[in-house]
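Biologist: I would like to learn how to read a fold one feature at a time. Where do we begin?

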Amino acid sequence: MRGLSKHKEALEKLQQMLRNFDMSFGMSNKMFRMAIVLEILNVQSLFDQLLSKWKIKLPCGDGPDADIDFEEWSDYANWSDLVVSARQNVCIENLSIECGNGEYIDDFAKTFKKNFRKNLTSVFKSTFGKKRDELLEPLQTIIEDKDGVLNYGEMVFHAIHILLSTLREIDRLLKNPSEEQLLQYFNTLDTYFISNYRKIENRIADTHKEDKTNRKKENDLRALRDELFENLINSGVLNDKLKHCNQYEVQDFMKEHASEFSEDFTRIIVSIEDFGNISDDATKVKIARYIFERRKDFSIDQIGMLFIYLHEVNTVTKNIGFVAAPKGDSPKQTLLSQSIIVQGDYIAGDKHVGTHIDNVESGGIGTQTTKE
């Protein structure tokens, strides 16, 4: 089981800092609150850098994106216990301390400084040598400061609000990414699955090379296309889309295509068509938004089934038409070109037929970085 992200660990440790350890002397209480403020601001910086990275490239449901509910963590109510503890002003110097012999220490705050400075200076001298005075100066200021622990606790309050402001900004980004960010998200995923696209294209090429009749090659290619449909259905990625599939459009499509596709496969075709023209950036943004909103529900492999379908189903269909077409005829197409065609070509034996895949626009579906 994957452990917590460093970001989640940092947040949880902050909440425990005063709950599990709170020094009981005024001087150390003040210093500890200052240390908490430094820790809070360091954690804020950690999330500020995360925000910068996510503005450039949206997350995919891993790491802090997977285990942090930013809306919840940015709620001040979840930090109120820490702030209340930081603001308390009860420490040993304020109490009458029993010594166990019938005597009490009632003036610790007045007498502890007698040897405290001497011992503190000795510790710093032994540790830092000539630098001791430079490092001791801020501590001496705090020793002489008349403000109580409560005022130092106010620093924790203000530091927490800086952290929460950053967490809220991250929450807003994740709930409403820009179209530019979503398009980049789509293209990043598309590039990630290039090796998967190549495997399908290699299978198509291998089918053409086999010593079989065109009819058998056609059947093999149809089986490959069925595999793409079934993998997408089994992934569950389109389940929310399929729930709202228009049954009448499914029936019309099946009539127009002579029931070539089963009803389940047709529902996939019609549902994807609802996104729009797959070659348009606006459609890519719609698909990216759909996936991004469900990124925590599906693994990268499940999401890959959608991209492999989008990229390769029309390539397989073109090749079915190639082996099925009478000699001299152009390959027939059976899927709606407006919604299903992706940039690229189809494979016939060792030859690429149609627009070459290396000539598609940069970043489009079908773009390949290398050509074998």
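Modeller: Begin with burial. A residue counts as buried when its relative accessible area is under 20%. Keep in mind that this is a predicted model.

Biologist: Apply that to Thr283. Is Thr283 buried or exposed?

Modeller: Thr283 has a relative accessible area of 4%, so Thr283 is buried. Thr283 sits in helix α16, residues 281-292. Setting aside residues up to four places away in sequence, Thr283 touches Phe275, Gly276, Asn277 and Ile278.

Biologist: Which residues does Ala288 touch, not counting residues up to four places away in sequence?

Modeller: Ala288 touches Leu182, Tyr185 and Phe186 on that count. Ala288 also lies in helix α16. Its relative accessibility is 1%, so Ala288 counts as buried. Now compare sequence with space. Ala288 and Leu183 are 105 residues apart in sequence, yet their C-alpha atoms are 6.8 Å apart.

Biologist: How much of the whole chain is buried?

Modeller: Of the 372 residues of the protein chain, 42% count as buried. The chain has 18 helices and 4 strands.

Biologist: What share of the contacts with a separation of 6 or more comes from residues 24 or more positions apart?

Modeller: The share is 73% in the protein chain. Ser74 gives a local view. Ser74 and Ser165 are 91 residues apart in sequence, and 7.3 Å apart C-alpha to C-alpha. Beyond its neighbours within four places in sequence, Ser74 is in contact with Leu164, Leu167 and Arg168.

Biologist: Where does Ser74 lie, and why does Ser74 count as buried?

Modeller: Ser74 lies in the loop between α4 (70-73) and α5 (80-87). Its relative accessibility is 7%, and therefore Ser74 counts as buried.

Biologist: Show me another loop residue. Is Asp145 buried or partly exposed?

Modeller: Asp145 has a relative accessible area of 26%, so Asp145 is partly exposed. Asp145 is in the loop between α8 (132-144) and α9 (149-175). Leaving out neighbours within four places in sequence, Asp145 is in contact with Lys30 and Tyr152.

Biologist: Next, nonpolar cores. What is the general idea?

Modeller: In soluble globular proteins, nonpolar side chains tend to be buried together.

Biologist: Which residues touch the most other members of the largest nonpolar core here?

Modeller: Phe47 and Tyr309 do, in a core of 79 residues. A second, separate core has 8 residues, including Phe124, Leu139, Ile142 and Tyr152.

Biologist: Now helix packing. How do I read a pair of axes?

Modeller: Take the angle between the N-to-C directions. An angle under 35 degrees counts as roughly parallel, and one of 65 to 115 as roughly perpendicular.

Biologist: At what angle do α11 and α17 cross?

Modeller: The axes of α11 (residues 194-209) and α17 (residues 300-324) cross at roughly 15 degrees and come within 9 Å. So α11 is roughly parallel to α17. Their crossing is right-handed. The α11 side of the contact includes Asn196, Tyr197, Ile200 and Glu201. Among the α17 residues they meet as a group are Phe307, Ile308, His311 and Glu312.

Biologist: How do α15 and α17 pack?

Modeller: Helix α15 (residues 263-273) packs with α17 at an angle of about 85 degrees, their axes 13 Å apart. The two helices are therefore roughly perpendicular to each other. Ile268, Ile269 and Ile272 in α15 meet Leu306, Tyr309 and Leu310 in α17.

Biologist: Stay with Leu306. What is Leu306 in contact with, beyond its neighbours within four places in sequence?

Modeller: Leu306 is in contact with Leu232, Val237, Leu238, Ile272, Ile287 and Ile291. At 1% relative accessibility, Leu306 counts as buried. Leu306 and Asn231 are 75 residues apart in sequence and 8.5 Å apart in space, C-alpha to C-alpha.

Biologist: Last, the cysteines. How many disulfides does a search of the whole structure find?

Modeller: First the general idea. A disulfide is a covalent bond between the sulfur atoms of two cysteines. The search finds 0 disulfides in this structure. Cys60 is at 32% relative accessibility, so Cys60 counts as partly exposed. Cys245 is at 17%, so Cys245 counts as buried.

Technical notes
Residues are numbered from 1 along each chain as its sequence is written. This is a predicted model: local features need pLDDT of at least 70, side-chain atom pairs count only at pLDDT 80 or more; totals for chains, interfaces and linings use all residues. Side-chain values use heavy atoms; hydrogens and water are left out. A disulfide is a pair of cysteine sulfur atoms within 2.5 Å. Buried means under 20% relative accessible area, exposed over 50%, partly exposed in between (1.4 Å probe, protein chains only). A nonpolar core is a set of buried Ala, Val, Leu, Ile, Met, Phe, Trp, Tyr and Cys residues joined through side-chain atoms within 4.5 Å. Axes are lines fitted to C-alpha atoms, for helices over the stretch in contact, and angles run from 0 to 180 degrees between N-to-C directions. Angles under 35 degrees count as roughly parallel, over 145 as roughly antiparallel, 65 to 115 as roughly perpendicular and the rest as oblique. A crossing is left-handed if the near helix is turned anticlockwise from the far one by less than a right angle, and right-handed if clockwise. Contact means heavy atoms within 4.5 Å.
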